[in-house]
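Hi,

Here's the structure I promised to pass along. Have a look at it first, and then read on for what turned up.

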Amino acid sequence: MNKLTFLGLLAAAWALVCGDALAEPLSFNVPAGETNAYTSAIGSDVTAITKAGGGRLHLAQGTTQNAFAGTISIDEGTLGADTPPNFGKPTSVTVANGATLDLSAIAGNGSAGYVQNLTIAGYGYGDAGAFRRASGNMQDYLLKNLTLSGDAMFYNSVRCGASGGTIDLGGHTLEKRGGGEFLFNGAAVRNMGRLIVNGGTLTIQGAGCRFDGDESNVLVAKSGNLYLWSTPGVAYAPKWTLAVSNSFTLATGSTANGNAWNGPVEVASNVTLTATFFDPNASITLALPGR
């Protein structure tokens, strides 16, 4: 089977005249500074989509819904879509260092799990986030299995997250930015490196949400909130340190052992940590630097 490659403006022009579902491996090279919309249906026989070039490729509404269920590799620039059917149901999506998967144009609920396996590295194209999500509603769990191949940053301004599945951080750092919420909803988090909350809210909930790692793991709270809901305290981070470097809120629901955070909590000088406990028996122990 031949591989079809679209270069620059040719890709946009081709999309305007092709209405039939394609059944070929597809490669798009969109130069930096250009945005191409691909509106043809992508056939179920397509085994792979590759995005190259520093520009943006947008999978827009075609004549029929995409039946694509192969792999997506975003090697450079940005790949986006405006509805889940346009994105298809890929078996895996890999985002290289410096590239971005941008699903911020997808609005609404009902898209849970359409990114089954996502592997990302880096801070994204133009340091805007390797994964972006900026529209939708408050119940959007769009990831299942997440793997970091290097330090990575998510940017989201709504509630989105991982429902079930496995989050494998590979010893790297996952940083959450933006005013929205990222939710680990019952996901098993493995090979922890460092979590950074730098805006908005990180929520950990569900009895299936288990973390591993040792005392070298640190959850850095730069700004925003950390919510721990309906999960036994032992499931969070038995040996981690919560390092609060800016004014921050820690809130918790029910806990099994009365402690909202099982590891040390270090609060920088002149910084306020606000702890809200819905369980009257919950508490935290502060391990202040130098004390």
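The largest cavity is lined by F154, L174, E175, K176, F182, F184, L195, I196, V197 and L202. Keep in mind that this is a predicted model. The volume of that cavity comes to about 70 Å³, and the structure holds one cavity of 30 Å³ or more.

Who supplies the lining? Strands β15 (173–177), β16 (181–185) and β18 (194–205) each put in at least two residues, with β18 giving the largest share, four residues. By type, the lining splits into eight nonpolar residues, two charged and no polar ones.

Not counting residues up to four places away in sequence, L195 touches L169, L174, F184, L202, F211, V218, L219, V220 and W240.

One more spot to look at is T241, which sits in strand β21 (residues 241–244). Is T241 buried or exposed? Its relative accessibility is 12%, and buried means under 20%, so T241 counts as buried. Setting aside neighbours within four places in sequence, T241 is in contact with N217, V218, L219, W261, P264 and E266. V218 and L219 are therefore on the contact lists of both T241 and L195, given that contact means heavy atoms within 4.5 Å.

Cheers

How values were computed. Residues numbered from 1 in each chain as written. Predicted model: local features only at pLDDT ≥ 70, side-chain atom pairs only at ≥ 80, totals over all residues. Heavy atoms only, no water. Buried < 20%, exposed > 50% of the residue type's maximum accessible area, 1.4 Å probe, protein only. 1 Å grid on protein atoms, 1.4 Å probe; cavity = no way out; pocket = protein on both sides within 12 Å on 5 of 7 lines; lining within 4 Å. Points joined across faces, edges and corners; volume = space filled by probe spheres on them. Nonpolar A, V, L, I, M, F, W, Y, C, P; charged D, E, K, R; others polar.
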